[in-house]
Amino acid sequence: MRQTWRWFGPNDSVSIDDLLQAGVQGVVSALHHQPPGQVWPVDEIITRQHDIATMSDGSASWLQWEVVESLPVSEDIKRQTGNWVRHIENYRQSLTNLHDAGIEVVCYNFMPVLDWTRTDLAWRLPNGATCMRFDLVDFAAFDIFILKRAGASDDFSKEVVEHAGTRFRTMSDTRQSELVRNVVSGLPGAAATMSLDDVRSHLSAYDGISPAQLRKNLFDFLTEVTPHAEALGMRLCCHPDDPPFALLGLPRIMSTEGDYQQMLDAVDLSANGVTLCSGSLGVRADNDLSGMMERLGDRVHFLHLRNVQRESDTLACSFHEAEHLDGGTDMVSLIQAVLGEEQKRRSTGRPDASIPFRPDHGQNILDDHTRRTQPGYPAIGRLKGLAELRGIEAALTHTSRGSCA
Ligand code: DNO
C-alpha cells in the first residue's frame, strides 16, 4: 500500500517538510486554481512537481506527485451542454500533459454541483477534538426554510421536516449564516462569496436531468476519455458521492456497489477505475466496503481510508467523521482485502500492485485547532490516521522473525 497525502499546493499550511516528517511516500495534488474544462498547462504541472520535490530549505524532498485529485469534470460535460465537446477534448489533452510529466493516476467525480456536503466543519466531540458532521435536520432546515427550494419538504420524512421546522425557528442568525457557509463549502467557487441565488441557479441548471440521463452522460464521458487514458497507461478513478444519497433534488449516480459495477461494465477497460472512499461510501449501511474491495478490487486504483459514524439507521442519515479505526467500517478487514488484491496483482506481475491510499480527512486535535487548514485536512489528525492505518498494514503483513523457533 502506497502511503500518500493530499497537498493543496504552496498555500497549504501543511508543508512538504511536514509531509516528510509524517512519513508520507507520495503526494496527491491538483491545480485547484484551474477552472474546470480548461487544459492543465504543462508548465504549471512541472511547477507543482518542483514544489513537491523541494523542501523549504531548498533541499530535495524526494517526494513525487503520484495521484491527481481531482482533474475536475466540468458541469458542461456532466450536463452535455455548452462547451462540453471542447471540454472533453481538453480533458484528454490534460491527461496527455500529466502523462508526459510521469503521472498515471487521476481521480475525478461526477457529482452535479456539490462535491462534498457537511453542515458542521468543526463539530466538537466530547474529548475536545473537532470533526466534520452532516446533520440531516440542519440540512433539511437549510433546504426547506433557508434556501426555500420548491418541493424540498417532499424529499425528507415527515418526522425530519417537523424537526427541521422546530430547529429553524430556534436557530440564531449566526448559526443560520454559518450553516449556509458550511453547506456551500462543497460548491464550486465556494471560497468566493456565494449567495443563495447563486446556489439556486447552480441547482436549476440540472432541472430535467434525471439520474438515468446523468449516468448516460458519465458513460459518454468515459467512452470518450478512457481509451485515451488506457493507451497512455493511465488509470482514471471515480470518487463516490459524498454523502451517498440524493441532496437538493440533484441526481446522484455513484453511491453504491451497483453504481460502480454498471460504470465498470459500461467501459470495460482497466483504465476505467474506482476511487474506493470508505468515508463517503461508508455512510450507507448497505455498502459492504471489504466486499466491494474484494469484488471491484482489480479496478480500484486509489483508496481514501476514512471512517464515519452513522447516527441513525435510515438511508439518509446524520453522521460524523469518526477516528480512522472507529465508526462503521471495519478498517482491519478492509485493509486485509486491499492486501489480498495487491497479492493477486503481484502474482500476475501487474505493475500497479501497490495501491495508493491516503488517510482521508482527520479530526482536528492538538495544534490543529490553531493552524488554519482546509476543512477535514488537519496536519496532526491526518498524521494520526496515517499512523494507525500504517500500523494495521504492518501487523497484517508481519512475518515472525522466528529467532526462538
Ligand atoms: C473531500 C474529497 C473530495 C474529493 C473529490 C474527488 O474531502 O474527498 O473533494 O477530492 O470529490 O473528485
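This is a predicted model: local features need pLDDT of at least 70, side-chain atom pairs count only at pLDDT 80 or more; totals for chains, interfaces and linings use all residues.
Residues count from 1 along each chain as its sequence is written, and side-chain values use heavy atoms, without hydrogens or water. Local features need pLDDT of at least 70 and side-chain atom pairs 80 or more, while totals for chains, interfaces and linings use all residues.

**Stop 1: the cores**

Start by selecting Leu-95, Leu-98, Tyr-108, Leu-218, Phe-221, Met-263 and Leu-276, the residues with the most contacts inside the largest nonpolar core, which has 103 residues. Such a core is a set of buried Ala, Val, Leu, Ile, Met, Phe, Trp, Tyr and Cys residues joined through side-chain atoms within 4.5 Å; buried means under 20% relative accessible area with a 1.4 Å probe, protein chains only. This core lies between domain 1 (2-113 + 209-397) and domain 2 (133-204), because both give residues to it; the domain bounds come from an automatic or database assignment.

Next, centre on Phe-221. Beyond neighbours within four places in sequence, Phe-221 is in contact (heavy atoms within 4.5 Å) with Val-73, Ile-77, Ile-88, Tyr-91, Tyr-108 and Phe-110.

**Stop 2: the ligand**

- Ser-70, side-chain N or O atom: 2.4 Å
- Asp-115, polar side-chain atom: 2.8 Å
- His-239, polar side-chain atom: 3.3 Å

Taken alone, the ligand exposes 330 Å², and the protein buries 97% of that (Shrake-Rupley method, 1.4 Å probe).

Conventions: Buried means under 20% relative accessible area, exposed over 50%, partly exposed in between (1.4 Å probe, protein chains only). A polar contact is a pair of N or O atoms within 3.5 Å; within protein, one must be able to donate a hydrogen and the other to accept it, and residues adjacent in sequence count only if both atoms are side-chain atoms.
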